[in-house]
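This report describes selected packing and side-chain contacts in one protein. The sequence and structure come first, and the text follows.

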Amino acid sequence: LKVIADTITNDDELVDYLADRLVDVGDSVPEEISDFKLDTSRNPTQDKRFWDFENYPSDMYVKPGTSVANRAAFSKWGAYVNSMGRKEYDRPIFLAMSADLAESTNIAGFAQGYGGVEGWGRYDRHHNHDGALLPQEITEFTNSGISAGIATVNFSTRPYDEFNGFFAAHSTYGSFSYLKYGLMRLFSQLAQDSEIRVGKVLWVAGHSGPETAEDSRTHFGIFSPGVTQLFPDGHIVNIVPWEHNEVPVLLGAAFATDVPIVALHLTRPPIQVPDRQALGIASHFEAAKGAYLLRDFKPGQKKGGTILVQGTMSTAYVVGLLPKLDELGLNVKLVAAVSAELFRMQPEAYRHSILSDADRVDMTYITNSSRRLMRDWVSHRIADDYAMSSDYDNRWRTGGSPAEVYEEAHLSPPWLLKGIQR
């Protein structure tokens, strides 16, 4: 490089030519492009209504007793956000893609309409240049890179002050999350160091946990989704909703922060949405705080410890055991752990009300993932000795129906009750 530089700088005519040529090229760039479609005088990424989950349409949430997968809520939310983008700003908010899993991971919702607003559809270079869903193949690494690229294109006339462009979303099986990590890591580094503002990326770890039982061990997301935790604190928000109505809440809360990457962990099978009021469980809106009470200690009784609960069927089974715990007099506090990052953002008073210092000392956890993926929640390794997790025996799970694999993982209701009693 030094030889090349010396060669150029020693030739005055060449230096003059290059300088003049670069000026000509710069002058040839137009101030405006005639067929540019975005109205950059308005900025939807600054519109807080997109993330205001308490004022989402009522049909964003389903009634207690409904049997539905949490991924269905993701589809609905994507359709709502991009339809609102069309209605208010004549543009989609997210450009989405998946490794031939757009429908099954429900990321295709970003292309669908909502509330009578026409959807953007799938992108087609011949027929639909406005499509919000890119027709990608089984190319997880590439999809991650394209998403990073989309989120770093800033159309704002004040790029050092604000981002005005598209957010991106990409999905695959939770077990294949490691294929996405490299480009998400680079995007995170760029977001940290770039003076030009960048957008946000939604990284979806779909079909995660032993809930993906029918696809066998190659497709379980028990350990692999942990790559979404391999970032400095404050650079990613992981959200792990267990039931349908928590999904829009957690997405809204996560995108309301200034963190550039949101990792959404979803599962495949339908579960029954609980009647929270009847069971004495906090509202699904409380999920926005990262952790909330499923069951508090009974006053006047000896406390039996605190148990964190995470995952779809694991939490659903625990909720199903609540009457049994009362019947057996098991005075344990149960805390839904849905986002360690959002929980850390809460006021100290709230954090202490959910997990006091005493709670953290006498605590263990239940999770559909692995023990090491709960490290952000626990403060001592003794919690691992009493934990109920998919890797309780340090073995890979096999396959079968979700119920069969949960039994094998010792996460079925009888095993959970034994673990709580222990």
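Which residues form one aromatic cluster? The cluster is formed by F50, W51, F74, W77, Y89, F94, F110, F163, F167 and F255. The model is predicted, so local features need pLDDT of at least 70 and side-chain atom pairs count only at pLDDT 80 or more, while totals for chains, interfaces and linings use all residues. Residues are numbered from 1 along each chain as its sequence is written, and side-chain values use heavy atoms, with hydrogens and water left out.

**Aromatic rings**

Rings of Phe, Tyr and Trp (for Trp, the six-membered ring) pair if their centres lie within 6.5 Å; planes under 30 degrees apart are stacked, over 60 edge-to-face, and the rest tilted. The count by this rule is 27 aromatic pairs. In one of these, the ring centres of F50 and W51 are 5.8 Å apart and the planes stand at 45°, so the pair is tilted. Both F50 and W51 are buried; buried means under 20% relative accessible area, exposed over 50%, and partly exposed in between (1.4 Å probe, protein chains only).

Charges also sit over rings, which requires NZ of Lys or CZ of Arg within 6 Å of the ring centre and within 35 degrees of the ring normal. R86 lies over the face of W120, 3.7 Å from the ring centre. The charged end of R91 is placed over the ring of F166, at 5.6 Å from its centre.

Helices (H or I, at least four residues) and strands (E, at least two) are DSSP runs, numbered from the N terminus. Helix α15 covers residues 413–421, and L416, L417, G419 and I420 are buried in it. Viewed down the axis of α15, the buried residues fall within an arc of 160°, so they line one face of the helix. The arc is taken from the directions from the helix axis to the C-beta atoms. These buried residues pack against β10 (306–310), α8 (312–320), α9 (322–328) and β12 (363–367), where contact means heavy atoms within 4.5 Å.

In β12, five of the five residues are buried, so the strand is largely enclosed by the rest of the structure. M363, Y365 and T367 point one way from β12, and T364 and I366 the other way. Strands β10 and β12 pair in the parallel sense over five bridges; pairing needs at least two DSSP bridges between the strands. Y365 in β12 is the bridge partner of L308.

**Salt bridges**

A salt bridge is a side-chain nitrogen of Lys or Arg within 4 Å of a carboxyl oxygen of Asp or Glu. The structure holds 21 salt bridges, including those in the table.

| Pair | N to O distance |
|---|---|
| D6 and K2 | 3.0 Å |
| D215 and R268 | 3.1 Å |
| R344 and D233 | 3.8 Å |

R344 lies in helix α10 (residues 340–344) and D233 in the loop between β5 and β6, so this pair ties together parts that are 111 residues apart in sequence. R344 is partly exposed at 38% relative accessibility, and D233 is exposed at 62%. Salt bridges with shared partners join D47, R49 and E88 into one network.

D6 and K2 are four residues apart in helix α1 (residues 2–9), a separation of about one helical turn. D6 is partly exposed at 33% relative accessibility, whereas K2 is exposed at 63%.
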